[in-house]
Each structure stands twice: as structure tokens, then as C-alpha cells.
Amino acid sequence: MDQQLPTEVEDRVRRLEDIIEIHQLFVDYGLALDAGDFDAYADLFAEDGEVLLGPMGRAKGRENIKALMSGTLSGRAGGSFHIISSPQVTLDGDTATSQVMWSVVTADESGKAAMTMIGRHRDDLVREHGRWKIARRRGYVDIPKAMPAPPSNRRQ
């Protein structure tokens with residue numbers, strides 16, 4: 001005898017699956033940056049996704065996002081490690097909003113780990129073709145308070 005789960009249980013399971021997938025999206029973001037895999041990085045965004053990363057630059061659309069990150073971070077793979085924490089997600093059907101904290105760890109002159117930046121991302125998320133993607137990511141650097149000016153070759 002086939003029994004269908006009550007809608008309430010189905011909805012709760014779907015909500016948990018969505019939250020887990022979104023949390024993985026945040027982890028994959030840091031992993032792609034650290035590995036210098038800008039194809040994987042750009043694929044985390046919706047087709048018309050947008051990234052607004054303060055002094056690092058802004059871009060809209062996967063190809064432009066990939067170009068921005070390639071131009072900004074090319075050749076630095078393995079030089080930093082992103083720690084993603086404190087995810088807050090508010091689901092609303094096939095869209096969501098979120099905030100996540102991030103920290104960047106690099107090696108200092110002596111080779112010891114040094115936390116070099118701390119900040120947060122505020123995101124608009126969308127389910128696109130059945131997968132959660134970043135529709136718009138706004139990045140904020142909390143520490144250090146002043147960031148160096150970006151090189152002139154960064155895209156706006």
C-alpha cells in the first residue's frame with residue numbers, strides 16, 4: 001500500500017534540502033576562489049547573476065563575473081583560504097535572501113597563518129533550472145576598515 005507523505009512533512013523536508021543546498025553553495029564559493037577555479041566560481045551565479053564586491057569590482061553575467069575574478073585573482077590559487085560561517089537564510093519559494101560571514105586566512109612573512117580580512121556577503125538567491133544560484137552578491141569588508149585602491153585594470 002503506497003502512502004503519500006503529508007504535505008506538511010514534504011514541505012519541511014524540501015525546506016531542509018533547500019537550506020543544505022544553499023549552505024553548500026556558500027562553501028563551494030570559498031573553495032572555488034581558493035582553488036582559482038573561476039569557471040566553477042562563475043557557475044555558482046544565476047545566468048544574469050551579479051557580484052558587487054566593493055573595492056574588488058562589480059560584474060553582471062557569468063562571463064563578466066569570471067573575467068572580473070580571473071583578472072583580480074589570477075595566479076593566486078592556494079594563497080588564501082576562505083572560512084565561511086554563520087549562514088542566515090530566509091526562504092521564499094524559489095527565491096531566498098541570506099547573509100554569510102567570511103574570513104580570509106593567508107600566510108604571513110614567516111609562513112604562519114594570519115587572518116587578513118573579515119567580512120560578510122548579503123545575497124539574493126534564486127532556484128534556476130532546479131539548482132540554487134546567487135542572483136546578487138553584495139560583499140562587505142569589515143576588517144580591515146580601509147582597503148587598498150583597486151588596480152585600474154579591474155572591470156566596473
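1. Two strands pair if DSSP finds at least two bridges between them. By that criterion, E4 and E5 are joined by 13 bridges and run antiparallel. Helices (H or I, at least four residues) and strands (E, at least two) are DSSP runs, numbered from the N terminus.

2. On provenance, the model is predicted, so local features require pLDDT of at least 70 and side-chain atom pairs count only at pLDDT 80 or more, while totals for chains, interfaces and linings use all residues. Residues are numbered from 1 along each chain as its sequence is written, and side-chain values use heavy atoms, with hydrogens and water left out.

3. Confidence is expressed as pLDDT, the predictor's confidence in each residue, from 0 to 100. The chain has a mean pLDDT of 88, with 88% of its residues at 70 or more. Strand E1 (residues 45–52) has the highest confidence, at 97, and helix H3 (residues 62–73) the lowest, at a mean of 91. Over residues 149–156 pLDDT stays under 50, and the model has 10 contacts (heavy atoms within 4.5 Å) for them beyond four places in sequence. Where pLDDT is low, the predicted coordinates should not be read in detail.

4. The sheet is open, with 6 strands in the order E2-E1-E6-E5-E4-E3 and mixed pairing. Strand E2 (58–60) and strand E3 (81–92) stand at the edges with a single partner strand each, so one side of each lacks a neighbour in the sheet. From one strand to the next, the twist averages 15°.

5. As to individual pairings, E1 and strand E6 (residues 131–143) are parallel over 4 bridges, and Leu-52 stands opposite Arg-138 in E6. E3 and E4 are antiparallel over 10 bridges, with Gln-88 opposite Gln-99 in E4. Their hairpin has 2 residues between the strands, and Gly-93 takes a positive phi near 70°. The hairpin of E4 and E5 has 5 residues between the strands, with Gly-111 in the turn at a positive phi of about 90°. Ala-96 faces Leu-125 in E5.

6. Helix H1 (residues 7–35) lies across E1, E3, strand E4 (95–107), strand E5 (113–128) and E6, running at about 150° to E3. H3 also packs on the sheet, where it touches E1, E2, E5 and E6, and its direction makes about 40° with that of E1. Axes are lines fitted to C-alpha atoms, for helices over the stretch in contact, and angles run from 0 to 180 degrees between N-to-C directions.

7. His-121 belongs to strand E5. This residue is buried, with a relative accessible area of 6% (buried means under 20%, exposed over 50%, partly exposed in between; 1.4 Å probe, protein chains only). Its side chain makes a polar contact of 3.2 Å with that of Arg-137; the term denotes a pair of N or O atoms within 3.5 Å, where within protein one must be able to donate a hydrogen and the other to accept it, and residues adjacent in sequence count only if both atoms are side-chain atoms. Beyond four places in sequence, the contacts of His-121 include Tyr-29, Trp-102 and Arg-138.

8. The structure holds 2 aromatic pairs. Rings of Phe, Tyr and Trp (its six-membered ring) pair if their centres lie within 6.5 Å; planes under 30 degrees apart count as stacked, over 60 as edge-to-face and the rest as tilted. Tyr-29 and Tyr-41 have ring centres 4.9 Å apart and planes at 50°, so the pair is tilted. Tyr-29 lies in helix H1 and Tyr-41 in helix H2 (residues 38–43), 12 residues apart. The rings of Tyr-41 and Phe-45 are also tilted, with centres 5.5 Å apart and planes at 50°. Tyr-29, Tyr-41 and Phe-45 form one aromatic cluster. Tyr-29 is buried at 3% relative accessibility, and Tyr-41 at 0%; Phe-45 is buried as well.
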